[in-house]
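Work through the exercises below with the sequence and the model at hand. Each task is followed by its solution.

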Amino acid sequence: MPRIKTFTVFVVTLAVFFSGIVAVKAATQATFARFFLIFNGSQDSSHAWWQSSTVVDMAGGVHSVFYDSVELSYAYCSTDCSNPANWAAITVASLSSYTSLAHPSLAVDANNRPRLMWFDGDGYRYAECNANCASAANWTAVQVPVADAEWGAPYPKNGRYFALDTQGRPRFAIEGLRYTTCEANCTTASNWSSARLAVNEYGLYYPQLVFNPNDQPRLLGYDSQDRLVYLECSSSCGQVASWNHVTLPYSASSLFYDSNFSFRLDGQGRPRLAFYDLDTGGTTLRYAWSNANSLTTAGWSSYGLPYAPADDHTVDLAIDSQNRPRVAFGSETEDLSYGVCTVNCETANPTWQRQDIETGDELNLSDPIPTNPGCMVSTWMLGEYPSLALDNADRPHVSYYARHVQGFCGGTSSYNDAWAIRFARPSGSTPPAPPVTVGVNGPALGVINTSYTFTATVSPVSATTPITYVWQATGLAPQTHTGRGINDTVTFTWPAGATGMKTISVSATNRAGTKQGSRTILITATPIVFNHWVYLPMTVR
C-alpha cells in the first residue's frame with residue numbers, strides 16, 4: 001500500500017525585486033501517496049537508472065516507462081492510481097550495453113494509446129501498442145533511420161526529444177540537429193524520414209520538442225556557448241529554410257543536461273520555460289515565457305523563483321488547464337518539491353505555492369536500509385530527474401529517481417547501495433465531479449455528401465473521467481464513444497435528399513451525472529452563396 005503523509009505547503013507570493021528574484025509569504029496543506037515503480041538493491045546485478053517518463057491520458061489513465069540495466073519497462077494504471085495494486089508492468093525491450101543512454105520517452109495519442117522512443121546503442125527505436133498494452137505481445141517496435149548517422153546517431157541528452165502531434169504522428173529531434181518524422185504505419189522503418197537542420201555550425205544540443213495546436217513544431221536547446229536557443233517551423237519542416245530561431249538571453253549549465261531545463265507550450269501554443277540559470281551561478285530556478293514575438297529576445301520575459309540552491313539542478317514543467325505553470329524539482333535538501341503558480345503567472349507580481357511531495361527523511365522512516373559496517377550515514381536522497389504530468393483536473397502525477405547512500409565509509413567516501421524509481425500523486429478519495437455544461441462546436445452550414453466534424457467540450461475541466469458521449473444527429477444513426485476525456489469529436493455526413501435544418505445533440509455521462517448539449521446545421525444540396533446587394537436611396541444635401 002502507498003505511504004500517505006500530510007505536508008506543509010509554503011505559499012509564495014512573488015514580489016519581483018529589481019534582480020528578478022521573488023519573496024515568500026504564508027501556508028496551506030496537501031497530501032500525496034508514494035510508492036516504488038522499480039527498486040533494486042546492491043545485491044542485484046542490475047539497478048534502476050535515473051530516467052523515467054510519465055504521462056496521463058485523456059481518460060485519466062497513467063502511463064510510465066523506466067528501466068534498469070537489463071530491461072525497459074512500461075507500467076499502466078487505469079483507475080485509483082494511488083494504489084500500487086492497480087498497476088500492471090511489462091518488459092517492452094531488452095537493453096544493450098548503452099543502458100545509461102537509453103532515455104526512454106513516452107507519449108499517448110488522442111485514443112489513449114502509448115507510443116515510446118528510446119536509444120539502444122545501435123540507434124533509435126520506436127514502439128507502439130494499440131490495445132491491451134499490459135501484454136508485451138501487443139507491442140511492436142522498429143529501429144528508426146536517422147539522417148547523417150553513418151557513424152552512429154548521437155544519443156539523447158534528455159527524455160523530452162520525442163513527441164506526438166495532435167494527429168498522433170510521432171516526431172523526434174536529436175543533437176545535430178536531426179529532425180525525424182513519420183506520417184503513418186510507423187512500425188515500418190521505410191515510413192520514417194529524417195533531415196539534418198543546420199541551426200548554426202554546431203547544430204543544437206539537448207533539443208526538447210513540442211507541438212502547438214496547429215501541429216507546428218517548436219524546439220529549445222543549447223548552442224555551443226550554453227545559451228538557450230528557441231526554434232519555430234510553420235510548414236515543410238524537413239527543410240532548413242523553413243526554420244527560424246533566436247538565441248535567448250538565458251544560459252543553462254550543461255552539467256545537469258538531463259533535466260536542467262524544461263520546455264512546454266500553453267494551450268494557445270505560446271512557449272514556456274523553466275530552467276536553472278547559469279548566469280546566476282546555475283543555482284536559481286527561473287520561469288520564462290513569451291506571449292508574442294517569440295523569435296525576438298524582446299518578446300521574452302522571466303523571473304527567478306525563491307528556492308534555495310540545489311546540488312542537482314533538475315526540473316520538469318507542466319502547464320495546467322488554465323495555462324498556469326507548475327514545476328517538479330529536486331530541492332536543496334535532496335527532496336522532491338512541487339511549485340504551483342496560482343495567479344498573475346506571466347507578470348511581475350505572480351503568486352506561487354510550494355510543497356514537498358516526498359522527503360528523504362520520510363522515505364528513511366517508511367523504507368529504512370541499515371547502515372553498512374564501516375559507514376556512519378545511511379539515507380535516501382530523492383527528487384532527481386522528475387517527470388511531471390497533469391490529469392484533466394490538474395492533479396500532479398510524477399515519477400522520479402531515488403537513490404540510497406551509505407556515507408562517511410572508512411573516512412569521507414560514500415556510495416549508492418540502492419536505486420529506485422518512485423511515483424507520487426495526490427491521495428485520498430475525491431468525490432466524483434459531474435459535467436456541468438456541454439458545449440458543442442461545429443459548422444452552421446453544410447451540403448449533402450460532405451463530412452462535418454463537431455466537438456463537445458465538458459466543463460468544468462475537473463469533471464471526473466472517463467466520460468461516455470452519445471451523439472445523435474437528425475436522420476442519422478447515433479454514435480457512442482466511451483472512455484473519453486473532457487473533449488470528444490464526431491463526424492456526420494448527410495446523404496443526397498437529406499436537406500434542411502439538422503440538430504446535433506450529445507449527452508456526456510460520467511459516474512457523477514449526465515449533461516446534454518446541442519447545436520444546429522443547415523444542410524443544402526449546393527453551397528449557399530451570399531451575394532445579394534441592397535441599394536439604399538441617395539440623399540443629396
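**Exercise 1.** Determine whether Cys233 and Cys237 are bonded, and state the handedness of their link.

Solution. In this predicted model, the sulfur atoms of Cys233 and Cys237 are 2.1 Å apart. The cut-off for a disulfide is 2.5 Å, and the two residues form one. The torsion about their S-S bond is -105 degrees, and the link is left-handed. Both Cys233 and Cys237 are buried.

**Exercise 2.** Describe the disulfide of Cys77 and Cys81, then that of Cys375 and Cys409.

Solution. Begin with Cys77 and Cys81, whose sulfur atoms lie 2.2 Å apart. The torsion about their S-S bond is about -105 degrees, so this disulfide is left-handed. Both of these cysteines are buried.

Next, Cys375 is joined to Cys409 with an S to S distance of 2.0 Å. Here the torsion is 110 degrees, and the link is right-handed. Cys375 is in the loop between helix H1 (360-366) and strand E27 (377-390), while Cys409 belongs to strand E28 (residues 396-409), so the bond ties together parts that are 34 residues apart in sequence. Cys375 and Cys409 are both buried.

**Exercise 3.** Classify the ring pair of Tyr205 and Tyr206, and explain why the pair of Tyr206 and Tyr222 has its class.

Solution. The structure holds 29 aromatic pairs. One of them is Tyr205 with Tyr206, at 6.1 Å centre to centre and 50 degrees between the planes, which is a tilted pair. Tyr205 is partly exposed, with a relative accessible area of 22%, whereas Tyr206 is buried at 13%.

For Tyr206 and Tyr222 the ring centres are 4.9 Å apart and the planes stand at 85 degrees; because angles over 60 count as edge-to-face, the pair takes that class. This pair links distant parts of the chain, from Tyr206 in strand E15 (residues 205-211) to Tyr222 in strand E16 (residues 217-222), 16 residues apart. Tyr222 is buried, as is Tyr206.

Note on methods:
Residues are numbered from 1 along each chain as its sequence is written. This is a predicted model: local features need pLDDT of at least 70, side-chain atom pairs count only at pLDDT 80 or more; totals for chains, interfaces and linings use all residues. Side-chain values use heavy atoms; hydrogens and water are left out. Rings of Phe, Tyr and Trp (its six-membered ring) pair if their centres lie within 6.5 Å; planes under 30 degrees apart count as stacked, over 60 as edge-to-face and the rest as tilted. Buried means under 20% relative accessible area, exposed over 50%, partly exposed in between (1.4 Å probe, protein chains only). Helices (H or I, at least four residues) and strands (E, at least two) are DSSP runs, numbered from the N terminus.
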